[in-house]
Amino acid sequence: MTELTTLQSRIASLTQCSDSVSGRYRDLMLPGMTDGLSAMRLEIEETQLLRRLVFQNDTGNTIGIEVASGRVLRVAEPITHQLPAECADLIGQDLLEDHHDQISAVVDIFRNFCAGTETLRVESHILAEKKETSSVGIPGSKLCEPFLDLAKTPEILSGQNDLSVFAERCAPSATAILGLEGDVISFELGPDEFLKPLRDVADAEQAKASEKPGTERSEESEPNCIILSEHPANGRSLLRATASGSQVFVLFDTTALTKFLTFWTESRV
Amino acid sequence: MKLAEKLDQLRQKFPECQTLAFADISTGMVLCSSADKNSRQEYLDSLCDVAVDMLNGDSAKRVNDAFAREDDAGIYQAIIIETAEIGVFLKSTNNPSEALCCVCTPGIELEALIQGARENLDEFGGDP
């Protein structure tokens, strides 16, 4: 949930950009923001919907990336800033986990891009149904975005891991679904009342796995799927699929068991 | 018909089912088994351990908490799908201390097996 101070700064940004027209950049270096890297990361972290963000620094260099829910999905055009060879490492990185070693490449690239920057601008394109609509500043309808978390459909990161196809097929039939990449939640979908227990189960499974010796953990890298169901008269099931360090937890109605078994079988072929 | 014969009969109906074990999961003991080749006791014991964990143990408790039923009804069915084999563990609705453990090849028709095994399990108790 966006903090109130962030929301206020965004409202201030909107006021500043009230004369913006489509296709123009808006300034990220708002009053009180002295660090370009922080401004850039804040912009990415705050992005909930799938967007293409094009950043432009002091020297006119640009770097385009597609992001969703604080996660860099891919590098996108236009790019005039020289990216290191490892720029592929940007893909799938979660800016909210910037303390973790795995995103050091992201931080390095952005730090380099923002070095010495006094002005930093961004152009935001909302990507929906393969059509692009340019958005400058913050549309009025987006002001209430931080309060609509439950109504959003989070992006399931296609092609990001071995379970993506399975998760995408499960999602429409699931009561709730949650994905983990390593220890990090990569997506979740469903009412919070069902997501919370899924998170609890995921946490408990992680804690249990961390207690096991390394050899046993490595054995879990083989894909497997476990489905536990309650009394036939009640009829709910919880599925946990594991593959290559990724996990998907699905809560569903047991009457749909065949469907989920088929999803798993077909995703393994 | 004795329990052992019932297990054999069920396994004949589902040839992909390699091992069937009827267990008391309150004590963690396999009471009777049927398999296409002799199973070592250690294997049957480990099968029973999995059944206990999935249906009555820590795994069952964690998932049951997720269901958030006020009556704490418990887990009655567990399916473990791995690359080489599939395990099905069913807890009796008549006597929750009794369970059936099935180890099958991936070609098994799971829903048919579950339905058949469930019908048999709820009749098993009483004559091991």
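Mentor: Let us start with one pair of residues: in this predicted model, Ile226(A) stands opposite Ile80(B), which belongs to β3(B).

Trainee: Which strands does that pairing join, and how many bridges are there between β10(A) and β3 of chain B?

Mentor: As a general idea, strands of a sheet pair through backbone hydrogen bonds, in either a parallel or an antiparallel way. Here β10(A) and strand β3 (residues 75–81) of chain B run antiparallel and are joined by 6 bridges.

Trainee: What is the order of the strands in the open sheet?

Mentor: The open sheet has 10 strands, paired antiparallel, in the order β9(A)-β8(A)-β12(A)-β11(A)-β10(A)-β3(B)-β4(B)-β5(B)-β1(B)-β2(B). At its edges stand β9 (184–189) of chain A and β2 (29–35) of chain B, each with a single partner strand, so one side of each is left without a neighbour in the sheet. On average, and with direction ignored, neighbouring strands of this sheet are turned by 15° against each other.

Trainee: Which strand pairs with β9(A), and over how many bridges?

Mentor: Strand β8 (residues 176–181) of chain A pairs with β9(A) over 5 bridges in the antiparallel sense, and Gly179(A) stands opposite Phe187(A) of β9(A).

Trainee: Which helices of chain B lie across or pack on these strands?

Mentor: Helix α2 (residues 41–55) of chain B lies across β10 of chain A as well as β1 (17–24), β2, β3, β4 (86–91) and β5 (98–104) of chain B, and runs at about 125° to β3(B). Helix α4 (residues 110–124) of chain B packs on the sheet, where it touches β1, β3, β4 and β5 of chain B, and its direction makes about 35° with that of β4(B).

Trainee: How many residues does each chain give to the contact, and what area is buried between chain A and chain B?

Mentor: Chain A gives 25 residues and chain B gives 24 residues, while the buried area is about 2,300 Å², with 60% of it from carbon and sulfur atoms. The rule finds 5 residue pairs in polar contact across this interface. On the side of chain A that touches chain B, the elements giving two or more residues are α5 (192–211), β10 (224–230), β11 (236–243) and α7 (257–268) of chain A; the largest share, 7 residues, comes from β10(A). By class, that side has 14 nonpolar, 6 polar and 5 charged residues.

Terms used: Residues are numbered from 1 along each chain as its sequence is written. Chains are lettered from A and ligands numbered from 1 in the order in which they are written. This is a predicted model: local features need pLDDT of at least 70, side-chain atom pairs count only at pLDDT 80 or more; totals for chains, interfaces and linings use all residues. Side-chain values use heavy atoms; hydrogens and water are left out. Contact means heavy atoms within 4.5 Å. Buried area is the accessible area (1.4 Å probe) that two parts lose on being put together, summed over both. A polar contact is a pair of N or O atoms within 3.5 Å; within protein, one must be able to donate a hydrogen and the other to accept it, and residues adjacent in sequence count only if both atoms are side-chain atoms. Helices (H or I, at least four residues) and strands (E, at least two) are DSSP runs, numbered from the N terminus. Ala, Val, Leu, Ile, Met, Phe, Trp, Tyr, Cys and Pro count as nonpolar, Asp, Glu, Lys and Arg as charged, and the others, Gly among them, as polar. Two strands pair if DSSP finds at least two bridges between them. Axes are lines fitted to C-alpha atoms, for helices over the stretch in contact, and angles run from 0 to 180 degrees between N-to-C directions.
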